[in-house]
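Me: I would like a close look at one part of this structure. Please take the strands and their pairing, then the nonpolar core.

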Amino acid sequence: MGRMDNFSPVNYGELVQEDRIHGSLYVNPQVHEDEMDRIFHKGWVFVGHDSEIPNPGDYVTRMVGKQSVIMIRGKDNQVRVLLNRCKHRGNQLCNQKEGNKKALVCPYHGWAFSIEGELKDVPYSGGFDRDLSEYNLEQPRTDSYRGFVWACLAQEGISLKEHLGRATELFDRACDLSPSGELNLSAGWDRHLYLSNWKMLPENDTDGYHVNFTHQSFVQAIDSQYGDFVQEEETIEGVVIDWGMGHTEIDFSRGYKEPLKWLGVSPEKVPEYVEAMVALHGEEKAMEILRIGPPHACIFPNLFLGEMNIVIFQPESIGTSVQWHTPMFLKGAEQLNYRLLRQSEGAMGPTSFLVADDATIAQLTQRTLEEGEPWCDMSRGMNREVEERNGNLVSHMTDETNNRGFWKHYKEVMAN
């Protein structure tokens with residue numbers, strides 16, 4: 001099958017099959033344009049966390065598909081998402097990635113908006129006879145769950161609750177590790193350019209099959225339980241999960257036998273944190289929360305709950321993408337922050353064990369797909385995945401149940 005030109009409609013029902021996907025989905029520019037419309041403009045997209053903007057006037061700028069947006073805290077303490085463009089001539093209002101504003105003033109003609117998005121002043125107003133309220137900044141549909149803020153540019157469609165589905169449990173697992181039930185994403189973000197299609201990032205981040213091969217140095221250097229999870233073909237200690245709606249997970253918790261194994265410490269090493277958790281939950285529940293640990297899950301389309309890291313996937317073009325990451329600090333457990341910061345640097349920083357390996361593999365895959373656009377197989381484990389009582393599909397950590405779940409939802413969105 002040859003490459004389709006930019007004006008040819010794409011048959012997603014044909015290109016996404018149950019056990020394989022066509023390579024053109026990573027390299028055809030028309031696919032990228034369709035994704036921007038159907039996934040990133042008409043669907044729910046993760047924007048940021050409310051802890052990033054703790055004070056009125058604090059803001060960050062992010063991308064929702066091709067559209068720049070401002071996530072800002074108003075004087076009423078409400079978090080809003082505003083389109084980052086003036087309603088006069090469309091100029092971008094905020095050109096910095098973060099900051100604090102008393103007002104949003106357009107650098108082109110000086111139109112001034114409140115931090116709630118209301119037009120307050122037009123310079124030389126003698127030539128302007130319209131109602132100011134007609135020019136308030138556009139606000140996408142915005143909703144949040146446990147501090148995670150999402151936006152949808154389409155004013156109609158499913159709710160965020162429907163989009164997240166059963167995967168709200170994954171957010172609960174992360175937030176409940178905090179003695180206050182809240183996260184704190186205050187460390188700042190690293191950004192890495194991937195010379196690959198954005199879909200390779202969520203595919204890879206819940207792929208349990210590649211670790212021993214792509215990350216050999218990591219496996220050799222770090223005391224990890226990964227070998228226990230995959231040593232025996234039929235072990236069920238670690239699994240991959242399709243949560244539905246394109247959300248996927250590697251669940252390490254089924255293999256953890258001791259509290260805080262996921263953090264690399266024992267309870268006596270962090271007594272203040274453990275005491276705070278026990279005071280909140282009681283001994284038995286606290287120890288179970290600390291045993292299970294954080295999720296390792298991708299939330300469709302652009303969020304990765306990467307254990308003690310939060311990651312954003314940002315599409316740039318059909319062949320480039322940006323991965324953002326920041327350590328996931330736990331509010332009320334500040335004594336852990338230094339360890340979490342160092343671990344985040346070691347796993348995902350510029351000189352880390354993991355990111356350089358994954359970026360290289362993605363770049364090489366992108367290059368070979370551009371050369372030939374073959375079919376890509378993802379049939380592994382179809383014969384042994386099982387449906388659990390909550391509706392999730394589960395299989396061995398080296399299986400591709402989760403990738404099939406991602407692509408199944410992708411097909412539903414793109415074909416409809």
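Reply: What follows goes from the strands to the cores. The model is predicted.

Start with the open sheet. Its 4 strands run in the order β5-β4-β3-β6, and the pairing is antiparallel. β5 (79-83) and β6 (98-100) are the edge strands. Each has a single partner strand, so one side of each is left without a neighbour in the sheet. From one strand to the next, the twist averages 30 degrees.

Inside this sheet, look at β3 and β4. Strand β3 covers residues 58-64 and strand β4 covers residues 67-73. They run antiparallel, joined by 6 bridges. T61 stands opposite I70 in β4.

Strand β10 spans residues 141-145, and strand β11 spans residues 148-152. Their pairing is antiparallel too, over 5 bridges. T142 faces A151 in β11. The hairpin has 2 residues between the strands. R146 takes a positive phi there, near 50 degrees.

Next, the largest nonpolar core. This core holds 53 residues. Those that touch the most other members are F148, W150, L260, Y273, I299, L303 and L330.

Take L303 as the example. Neighbours within four places in sequence are set aside here. L303 is then in contact with F46, F148, W150, F171, A297, C298, I310, V311 and F313.

There is also a second, separate core, with 44 residues. Among them are V60, Y194, A362 and M378.

Definitions and conventions. Residues are numbered from 1 along each chain as its sequence is written. This is a predicted model: local features need pLDDT of at least 70, side-chain atom pairs count only at pLDDT 80 or more; totals for chains, interfaces and linings use all residues. Side-chain values use heavy atoms; hydrogens and water are left out. Two strands pair if DSSP finds at least two bridges between them. Axes are lines fitted to C-alpha atoms, for helices over the stretch in contact, and angles run from 0 to 180 degrees between N-to-C directions. A nonpolar core is a set of buried Ala, Val, Leu, Ile, Met, Phe, Trp, Tyr and Cys residues joined through side-chain atoms within 4.5 Å. Buried means under 20% relative accessible area, exposed over 50%, partly exposed in between (1.4 Å probe, protein chains only). Contact means heavy atoms within 4.5 Å.
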